[in-house]
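Keep the structure open while reading.

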Amino acid sequence: MTDTLLGLSGSLRKGATNTKLIHEAARLFEGAVLTMANLNIPLYDGDEEAAHGLPTTVDTLVAQIRNADGVLISTPEYNSAITGVLKNALDWISRSSEMPWLNKPVAVMSAAAGRAGGVRAQTMLRSCMVPFRVRIATGPEVAIADSGNAFDETGQFVSDRNVIALTSLMQALRADIDLTKGD
């Protein structure tokens, strides 16, 4: 049976290297169907939620998380943190009564222009995921530095070192997915 992966990119920008990283991760995972989540959702507003409930885009996102076998989250690093786009999505998801993240296998990664590749954003992202009680794949930390030069024109890595690290992380994610399917 084919595994289903959901990608959450912390960047809305067309051609974002974090979106490229998610696509490269899905390719290296091999045999999975990838769906990219739409994180272009309204800013969280408790008054709006009280008056209208969750936006349709958030309901869709919650259902996508619930139905995915695994989730790939990649974020750039903005001011030593995750992006507002990603944090806003996590805040909205937390308002759902469904708890779609519970025991969900998740792989965390980052791509950034700087030389650290977004490792501080990954640390913050891992902290943000704790309340959701996800199963974060253990493996090498994949933080792509100088990300604008890390991919070729087809969106694949130019460095074998990055391929090896991301393949290892995808193997860890696959193992977590297999464990949760056995539950």
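## H1 against H6

The axes of H1 and H6 lie 9 Å apart, and the two helices pack at an angle of about 65°. That angle makes H1 roughly perpendicular to H6, because 65 to 115 degrees counts as such. The crossing is right-handed for H1 and H6. The model is predicted.

Which residues meet at this crossing? H1 supplies Leu21, Glu24, Ala25, Leu28 and Phe29. H6 supplies Val163, Leu166, Thr167, Met170, Leu173, Arg174 and Ile177.

## H6: length and cap

H6 covers residues 160-182, which is 23 residues.

Serine 159 caps the N-terminal end of H6. One of its side-chain oxygens sits 3.2 Å from the backbone nitrogen of arginine 161.

## H6: buried residues

The buried residues of H6 are Asn162, Leu166, Leu169, Met170, Ala172, Leu173, Asp176, Ile177 and Thr180. An α-helix has 3.6 residues a turn, so residues three or four places apart point the same way.

What do these buried residues pack against? Helix H1 (17-29) is one partner. The strands are S1 (4-9), S3 (70-75), S4 (105-111), S5 (135-136) and S6 (142-144).

## H4 against H5

Helix H4 (residues 84-94) and helix H5 (residues 119-129) cross at roughly 5°, and their axes come within 11 Å. H4 is therefore roughly parallel to H5. Leu86, Lys87 and Leu90 of H4 meet Leu125, Cys128 and Met129 of H5.

Note on methods
Residues are numbered from 1 along each chain as its sequence is written. This is a predicted model: local features need pLDDT of at least 70, side-chain atom pairs count only at pLDDT 80 or more; totals for chains, interfaces and linings use all residues. Side-chain values use heavy atoms; hydrogens and water are left out. Helices (H or I, at least four residues) and strands (E, at least two) are DSSP runs, numbered from the N terminus. The expected span of a helix is 1.5 Å times one less than its number of residues. Buried means under 20% relative accessible area, exposed over 50%, partly exposed in between (1.4 Å probe, protein chains only). Contact means heavy atoms within 4.5 Å. A polar contact is a pair of N or O atoms within 3.5 Å; within protein, one must be able to donate a hydrogen and the other to accept it, and residues adjacent in sequence count only if both atoms are side-chain atoms. Axes are lines fitted to C-alpha atoms, for helices over the stretch in contact, and angles run from 0 to 180 degrees between N-to-C directions. Angles under 35 degrees count as roughly parallel, over 145 as roughly antiparallel, 65 to 115 as roughly perpendicular and the rest as oblique. A crossing is left-handed if the near helix is turned anticlockwise from the far one by less than a right angle, and right-handed if clockwise.
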